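Rough notes follow, in the order I took them.

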Amino acid sequence: MMRKHKYVLVILIVLMAIFYLAGCESAPVPSILATSASVSAEPSATQILPTSIPLTPPQPPSIEAQTLSMEDTYVKIHVEYPVISGMMDEGFQTTMNDSISNDVNARITQLHDDAEGAYGAADFVKYTLNSQVSIHQNDGTLLSISIRYQFYTGGAHEGYDAMFINILNKQPGEQLAIMDLFTNGMEGKSRINNAISDEIGTDADYEFSSINDNQWFYIKGDEITVVFPVYTIGSGAMGEPEFNIPLTVLSDILIPEISH
């Protein structure tokens with residue numbers, strides 16, 4: 001009787017094992033691919049996402065000083081002027097180079113015509129014209145250049161003139177007047193006027209009230225230099241007065257290309 005019970009127990013155990021194995025085979029198997037897809041579709045908060053990479057600053061343009069010399073019965077000329085290459089906007093570059101060259105040639109033509117007209121006078125002396133180029137800033141974004149002229153047409157003193165060129169190397173290129181430096185032009189003019197007035201103080205030799213929209217200027221390092229033609233705010237003995245103004249005085253209203 002006891003042996004019979006043992007056989008029954010063994011049979012029951014075997015049947016339970018069969019049922020258990022059958023249940024395991026029918027149970028769904030978790031999908032590794034489905035889990036991976038789910039994670040990649042909805043990244044966690046700690047996942048590193050792509051970040052923007054700053055663009056490489058433009059390369060500074062090249063400036064070559066060209067010279068033009070001539071002498072005849074009426075004039076003696078030796079002028080230097082800049083030729084720009086390597087700007088981002090080649091069309092604008094061509095326009096600027098043509099403008100500079102045309103200005104130089106116009107000065108030479110005018111001087112020669114004036115000298116011919118004066119030739120034969122008892123006090124006639126040969127007219128002269130000279131110039132020098134200065135590169136004040138060329139950091140890839142801003143190019144600031146000046147051409148300073150000295151001329152002589154007789155009399156006790158030489159004459160002076162200048163051409164200031166301030167351009168942004170971008171696409172499209174842009175030539176800057178002094179009011180273009182500011183996001184608020186009137187506020188910029190007011191601050192420059194105040195800075196110049198503070199520097200002049202009570203010096204009675206100056207007659208200054210305000211800069212104009214075509215004011216000469218150049219930028220060098222962390223300063224803007226405002227330049228006045230001879231005789232405009234004082235006597236000829238002053239030459240061309242210059243006032244250096246720190247850009248920090250203007251930093252909150254400067255355009256981004258200058259405030260960088």
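This is a predicted model: local features need pLDDT of at least 70, side-chain atom pairs count only at pLDDT 80 or more; totals for chains, interfaces and linings use all residues.

**Entry 1**

I started with Tyr-231, which sits in the loop between β8 (223-227) and β9 (242-246). Tyr-231 has a positive phi of about 75°, and it is not a glycine. That made me stop, because most residues other than glycine have a negative phi. Is Tyr-231 buried or exposed? It counts as exposed, since its relative accessibility is 62% and the cut-off for exposed is over 50%.

**Entry 2: a cis bond**

Next I checked the peptide bond from Gln-171 to Pro-172, and it is cis, with omega near 0°. Pro-172 belongs to the loop between β5 and β6. I flagged the bond for the notebook because most peptide bonds are trans.

**Entry 3: helix α3**

I then walked along α3, residues 90-118. The helix has 29 residues and spans 42 Å from first C-alpha to last, close to the 42 Å expected at 1.5 Å a residue. At its N-terminal end I found a cap: a side-chain oxygen of Asp-89 lies 3.2 Å from the backbone nitrogen of Gly-91. After the helix comes Gly-120, with a positive phi near 105°.

Which residues of α3 are buried? My list includes Phe-92, Met-96, Ile-100, Val-104, Ile-108, Leu-111 and Ala-115. I remembered that residues three or four places apart point the same way, because an α-helix has 3.6 residues a turn. The buried residues of α3 pack against strands β1 (62-71), β2 (75-85), β3 (127-138), β4 (142-152), β5 (159-168) and β6 (174-175).

**Entry 4: the charged trio**

Still on α3, I looked at Asp-103 and Arg-107, which are 4 residues apart, about one turn of the helix. They form a salt bridge, with the closest N and O atoms 2.8 Å apart. Asp-103 is partly exposed, at 23% relative accessibility.

Asp-161, in strand β5, joins in: Asp-103, Arg-107 and Asp-161 are linked in a network of salt bridges. The side chains of Asp-161 and Arg-107 make a polar contact of 2.9 Å. Asp-161 is partly exposed too, with a relative accessible area of 25%. It also touches other residues, among them Tyr-149, Trp-216 and Glu-240. Glu-240 is 79 residues away from Asp-161 in sequence, yet their C-alphas are 8.7 Å apart.

**Entry 5: other salt bridges**

How many salt bridges does a search of the whole structure find? I got 10. One of them joins Lys-126 to Glu-71, with the closest N and O atoms 3.1 Å apart. This pair links distant parts of the chain, as Lys-126 is in the loop between α3 and β3 and Glu-71 is in strand β1, 55 residues apart.

I also noted Asp-252 with Arg-191, where the closest N and O atoms are 2.6 Å apart. Asp-252 lies in the loop between β9 and α5 (256-259) and Arg-191 in helix α4 (residues 185-200), so the pair ties together parts 61 residues apart in sequence. Asp-252 is exposed, at 54% relative accessibility.

**Entry 6: a buried asparagine**

Last stop was Asn-166 in strand β5. Asn-166 counts as buried because its relative accessibility is 2% and buried means under 20%. What does its side chain meet there? A polar atom of the Asn-166 side chain lies 2.9 Å from the backbone oxygen of Phe-217.

Key
Residues are numbered from 1 along each chain as its sequence is written. Side-chain values use heavy atoms; hydrogens and water are left out. Helices (H or I, at least four residues) and strands (E, at least two) are DSSP runs, numbered from the N terminus. The expected span of a helix is 1.5 Å times one less than its number of residues. Buried means under 20% relative accessible area, exposed over 50%, partly exposed in between (1.4 Å probe, protein chains only). Contact means heavy atoms within 4.5 Å. A polar contact is a pair of N or O atoms within 3.5 Å; within protein, one must be able to donate a hydrogen and the other to accept it, and residues adjacent in sequence count only if both atoms are side-chain atoms. A salt bridge is a side-chain nitrogen of Lys or Arg within 4 Å of a carboxyl oxygen of Asp or Glu.
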